[in-house]
Amino acid sequence: MTGSAAPRAEDARHMAHALSLAARGLGRVAPNPAVGCVIVARGRVVGRGWTQPGGRPHAETMALAQAGAAARGATAYVTLEPCAHHGRTPPCCDALIAAGVARVVCPLQDPDPRVSGRGFGRLRDAGVAVEIGLMAAEAEAAQVGFLTRLRRGRPHLTLKLGASLDGRIALASGESQWITGPEARAEAHLLRARSDAILVGSGAAVADDPALTCRLPGLEDRSPDPVVFDGRARLSPDTQLARTAAARRALLLHAPDADPVRVGALKAAGMTCAALPRGADGMLDLAEGLSLLGARGVTRAMCEGGGMLAAALLKADLVDELWWCAAGMALGAESRPGIGDLGLARLADAPRFTLVEHRRLGADVLCRWARAGA
């Protein structure tokens with residue numbers, strides 16, 4: 001931590017509060033970061049805010065409006081460097097200065113080239129004490145989607161699998177409701193609520209006709225944008241995804257040689273359709289697809305199936321996190337695998353992940369894995 005001695009317990013407590021507020025914006029503020037801000041005067045919280053839906057107003061603006069005159073001489077705990085550029089609203093660093101804030105505690109510098117230290121510089125030039133680095137690891141995890149898009153030009157991608165003990169997601173007949181229990185399904189829907197987009201392969205989209213919505217009470221309006229990887233444009237305009245496409249910014253990614261009649265029918269239903277080049281293996285170029293999502297402003301994406309798409313994303317080294325929820329049942333080799341053929345000739349070539357969380361969800365077990373070395 002720069003600019004101060006070892007962080008005090010009080011600072012850590014208020015920063016944890018700000019991080020919890022920031023989480024409220026996940027899935028609703030892209031391409032902006034989900035930021036939280038807490039303003040404290042004489043040991044008392046006088047203002048708090050988080051980035052609002054659509055990315056505006058910013059967290060600092062919300063917290064300052066609540067604090068009013070009490071912000072003068074106060075400390076602001078902000079989960080990302082206050083912006084220093086003019087957009088639809090004035091810079092947040094200027095708002096903090098104008099309000100008379102005496103001290104700003106922040107874990108991270110914003111890597112956006114329009115900010116990238118300028119916000120901190122403006123604050124210091126105005127005589128505001130700036131302390132950087134408190135709970136940086138927690139803030140980095142909270143901002144992982146925003147940061148991945150800036151650094152890699154694509155969204156942070158989570159592959160979510162609900163499977164049996166032996167890694168199967170459905171019987172050979174296709175029956176899959178329900179392998180995991182209600183607690184695990186609720187956790188999956190919470191992940192949907194915190195994601196900007198949800199990816200699905202054409203096989204699962206055609207066979208299951210999923211809605212891919214968030215169905216948690218009170219969070220129904222947080223359903224992510226559906227994205228279908230469908231090389232041949234097999235999806236029917238009568239499916240749930242096509243019928244609700246216009247209202248949900250649904251995107252279908254197809255090969256350049258897909259039947260133009262089928263593509264036209266999906267466009268007429270309200271879907272946005274875009275052609276992706278094929279990779280060396282003849283499959284859709286998934287890296288190009290994720291770059292397209294990044295250009296669309298998507299910061300957090302999740303994939304829920306099927307097995308072929310999961311395998312293709314792993315082979316392309318595009319999976320940042322893997323959520324594996326295992327149910328206490330075995331379905332056997334004749335059932336459908338959660339991850340398709342990876343084409344591995346050597347164990348050394350297997351995609352590797354590091355366990356970061358392990359907990360029970362009702363009768364099931366959730367293991368959350370992060371890309372090894374991340």
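Is histidine 58 buried or exposed? That was what I looked up to begin with, bearing in mind that I am working from a predicted model.

**Entry: histidine 58**

I got a relative accessible area of 13% for histidine 58, so I put it down as buried, the cut-off being under 20%. I found histidine 58 in the loop that runs between β2 (44-50) and α2 (59-67). Its side chain makes a polar contact of 2.9 Å with the side chain of arginine 56. I then skipped the residues up to four places away in sequence and listed what else histidine 58 touches: Asn32, Thr51, Cys83 and Cys92.

**Entry: cis prolines**

I checked the peptide bonds next. As background, most peptide bonds are trans. The bond from arginine 56 to proline 57 is cis, and I noted an omega of about -10 degrees. Proline 57 sits in the loop between β2 and α2, and histidine 58 is found in the loop between β2 and α2 too. Arginine 56 is also the residue whose side chain makes the polar contact with histidine 58.

I noted another cis bond, from alanine 30 to proline 31, with omega near 5 degrees. Proline 31 belongs to the loop between α1 (9-22) and β1 (36-41).

**Entry: positive phi**

I wrote down two residues that have a positive phi although they are not glycine, serine 116 and arginine 249.

Serine 116 has a phi of about 35 degrees. I located serine 116 in the loop between β4 (103-106) and α4 (118-125). Its relative accessible area is 33%, so I call serine 116 partly exposed.

Arginine 249 has a phi of about 55 degrees. Its place is the loop between α10 (245-248) and β10 (251-254). With a relative accessible area of 41%, arginine 249 is partly exposed as well.

**Entry: cavities**

How many cavities of 30 Å³ or more are there? I count two.

The largest cavity has a volume of about 80 Å³. I find 15 residues in its lining, with Leu26, Asn32, Ala34, Thr299 and Arg300 nearest its centre. The lining of the largest cavity splits into seven nonpolar, six polar and two charged residues.

The second largest cavity holds about 50 Å³ of space. Its lining is made up of Lys160, Ala184, Glu187, Ala188, Trp323, Cys325, Leu361 and Leu366. Two elements give two or more residues to this lining, α7 (182-193) and β13 (321-326). The largest share, three residues, comes from α7. By type, I get six nonpolar, no polar and two charged residues in the lining of the second largest cavity.

**Entry: helix α7**

The buried residues of α7 are Ala184, Glu187, Ala188, His189, Leu191, Arg192 and Ala193. They pack against β6 (156-163), β8 (197-201), β12 (300-303), β13, β15 (353-361) and β16 (364-371).

**Entry: the second largest pocket**

I put the volume of the second largest pocket at about 910 Å³. Its lining has 33 residues, and Ala141, Val144, His156, Glu321 and Arg368 are the closest to its centre. Helix α6 (residues 144-152) gives the largest share of the lining, five residues. I sorted the lining of the second largest pocket into 16 nonpolar, five polar and 12 charged residues.

**Entry: leucine 331**

I ended on leucine 331, in the loop between β13 and β14 (336-337). Its relative accessible area is 15%, so leucine 331 is buried. Apart from its neighbours within four places in sequence, leucine 331 is in contact with Ser164, Asp166, Arg168, Ala170, Leu171 and Ile179.

Key. Residues numbered from 1 in each chain as written. Predicted model: local features only at pLDDT ≥ 70, side-chain atom pairs only at ≥ 80, totals over all residues. Heavy atoms only, no water. 1 Å grid on protein atoms, 1.4 Å probe; cavity = no way out; pocket = protein on both sides within 12 Å on 5 of 7 lines; lining within 4 Å. Points joined across faces, edges and corners; volume = space filled by probe spheres on them. Nonpolar A, V, L, I, M, F, W, Y, C, P; charged D, E, K, R; others polar. Helix = DSSP H or I, 4+ residues; strand = E, 2+ residues; numbered from the N terminus. Buried < 20%, exposed > 50% of the residue type's maximum accessible area, 1.4 Å probe, protein only. Polar contact = N/O pair within 3.5 Å; in protein donor to acceptor, adjacent residues only side chain to side chain. Contact = heavy atoms within 4.5 Å.
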